[in-house]
Amino acid sequence: MKTISQEEQKEQIAYMTRVANMLCDSAPKAMVITYGCQQNENDSERIRGMLAKMGYTFTEKKEEADLILYNTCAVREGAEQRVLGNIGALSHEKRRRPNLLIGLCGCMMQQPHMAETIKRKYKHVSMVFGTHVLHKFPQFLYEALIEQKRVINITDSEGVIAEDIPIYRSGDPKAWVSVMYGCNNFCTYCIVPYVRGRERSRMPEKIMEEITDLVSRGVTEVTLLGQNVNAYGKDLDLGINFADLLRKVNAVEGLRRIRFMTSHPKDMSDDLICAMAECEKVMPQLHLPFQAGSDRILSAMNRRYTQAQYLDLVQRVRDKIPHITLSTDIIVGFPNESEEDFEETIRVLESVRFDTVFSFIYSKRTGTPAAEMDDKVTDEEKHRRFDRLLEVQNRISREINDACLGQTFELLIEGESKTDSNMLTGRTPGGKIINFPKAEGLSTGDYVNVTVDKTNTWSLTGKI
Ligand code: 5AD
Ligand code: SF4
């Protein structure tokens, strides 16, 4: 695997130093806003890492930020519209404070038509860069801030991995670790392979180094990330696959929990299922998108499995790990999905009974094959199906949660509950969130046993 050269790395460090020197007396503040998946969150941690090295501190308030950077998502149109709306609204703030620097990065910017729109219509944005040049952020910041240039860079340098970018993490007991980037699957609705490039795996020793370092800083849970994480290693020619990686990570002393996402059903080998079952630190949780129940739609989506193969896979996973928590992604309203096709999706829901379902209405993405398919199904019909799907899943989630009543789970405490300051919140091995009353001596990062005493559709409450 090609990584960026040492010269390139040195060059960026030099830019960091220059920016830091120029800013040393001004104590600048940055606000980084992230849309989309965990991979984007992880990229934002890298951006914050570089910013911290250049002397920035962080704020959640736009009015006090000297730099506002949006790390964007292109997976659905809704997220794009929100970013454009927010950026539009910032023009007022920019007029009020001309020194405010506004930047955009991430998947949405990697699309040439979008970068062009920003360039032409959003003149108050000074910095636009794509996913392949994240490591050059110090240079872009230098050019925009010090040289007062407008920076637009969406270079497509696929196949390269940038290691050793400083990373700023919140000090949580859990951390995300990207183990591979990109996707080769080209599902016909999906923009990801176009904006994130082909699959490239990090070298195992770099991953292990990062995890060992995290553990030495008090992290006890890691989530291994990749758009298609279970294809890890296929591009490396080292004879290592994702099951081997799990076994290696499982051996890290001091680490207690391992999760990973997102897995593609076609890459879910029996070896991987065995590794999950035998590694005691790998949590009984699997996110396994099925997207649609109908074989005709699955084929039009280029998913490369049938409903029967998916159901068989779920059975094999449950045979080895009986109490596994399963979640999935579903797209409703793929072009020309018929009522019968949609009923097949409901059939899979009823048959698998997922703990959690992330459902989306199909969103047309420029440049993907599905965007060329003409579609006879009305928006109204798509929304009706979407509502029906939610109704079915809400009932199932409620039934599954109700069955947790009286059960005891080991939780990793993640902090105060977002809705009640008298409560703490933590996750079970299966990844379910349970809120429970604060108690003397308990703090974030501790492990505690909690018994569920109240359930509803979305949450569980318990006591120690
Ligand atoms: N429209 C709707 N949902 C999409 N996803 C990906 N592309 C699209 C699209 N064009 C969903 C898939 C994927 C999840 C991350 O987003 O379900 O698994
Ligand atoms: Fe998109 Fe399919 Fe790749 Fe997932 S597997 S990122 S849905 S192309």
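1. On a 1 Å grid over the protein atoms alone, a cavity is a set of points where a 1.4 Å probe fits but cannot get out, and a lining residue has an atom within 4 Å of a point. Grid points are joined across faces, edges and corners, and a volume is the space filled by probe spheres set on the points. The second largest cavity has, on this basis, a volume of about 40 Å³, and its lining is made up of Asp43, Asn71, Cys105, Gly106, Gly130, Thr131 and Leu134.

2. The model is a predicted one, in which local features need pLDDT of at least 70 and side-chain atom pairs count only at pLDDT 80 or more, whereas totals for chains, interfaces and linings use all residues. Residues are numbered from 1 along each chain as its sequence is written, chains are lettered from A and ligands numbered from 1 in the order in which they are written, and side-chain values use heavy atoms, with hydrogens and water left out.

3. For residue classes, Ala, Val, Leu, Ile, Met, Phe, Trp, Tyr, Cys and Pro count as nonpolar, Asp, Glu, Lys and Arg as charged, and the others, Gly among them, as polar. The lining of the second largest cavity then divides into two nonpolar, four polar and one charged residue.

4. How many cavities of 30 Å³ or more does the count give? The count comes to two, and the largest cavity has a volume of about 210 Å³. Of the 14 residues that line the largest cavity, Thr131, Val160, Ala162, Tyr181 and Arg200 lie nearest its centre. The elements that give two or more residues to this lining are α2 (38-53) and β8 (160-161), where helices (H or I, at least four residues) and strands (E, at least two) are DSSP runs numbered from the N terminus. By class, the lining of the largest cavity has six nonpolar, four polar and four charged residues.

5. The domain bounds, which come from an automatic or database domain assignment, are 6-153 for domain 1, 174-402 for domain 2 and 408-463 for domain 3. The lining of the largest cavity draws at least three residues from each of domain 1 and domain 2. Between domain 1 and domain 3, the C-alpha centres lie 36 Å apart.

6. Around ligand 1, the surrounding residues (those with a heavy atom within 4 Å of it) include Val75, Tyr189, Asp329, Phe360 and Arg365. Polar contacts are pairs of N or O atoms within 3.5 Å; within protein, one must be able to donate a hydrogen and the other to accept it, and residues adjacent in sequence count only if both atoms are side-chain atoms. A polar side-chain atom of Arg76 lies 2.8 Å from an oxygen atom of ligand 1, and a polar side-chain atom of Gln291 lies 2.6 Å from an oxygen atom of the ligand. At Ser363, a polar backbone atom is 2.7 Å from a nitrogen atom of ligand 1. The elements that give two or more residues to the shell around ligand 1 are β15 (325-332) and β16 (356-361).

7. Ligand 2 has among its surrounding residues Cys183, Cys187, Cys190, Tyr189, His264 and Arg303. The shell around ligand 2 divides into seven nonpolar, three polar and one charged residue.

Technical notes:
On a 1 Å grid over the protein atoms alone, a cavity is a set of points where a 1.4 Å probe fits but cannot get out, and a pocket is an open set with protein on both sides within 12 Å along at least five of seven lines; lining residues have an atom within 4 Å of a point.
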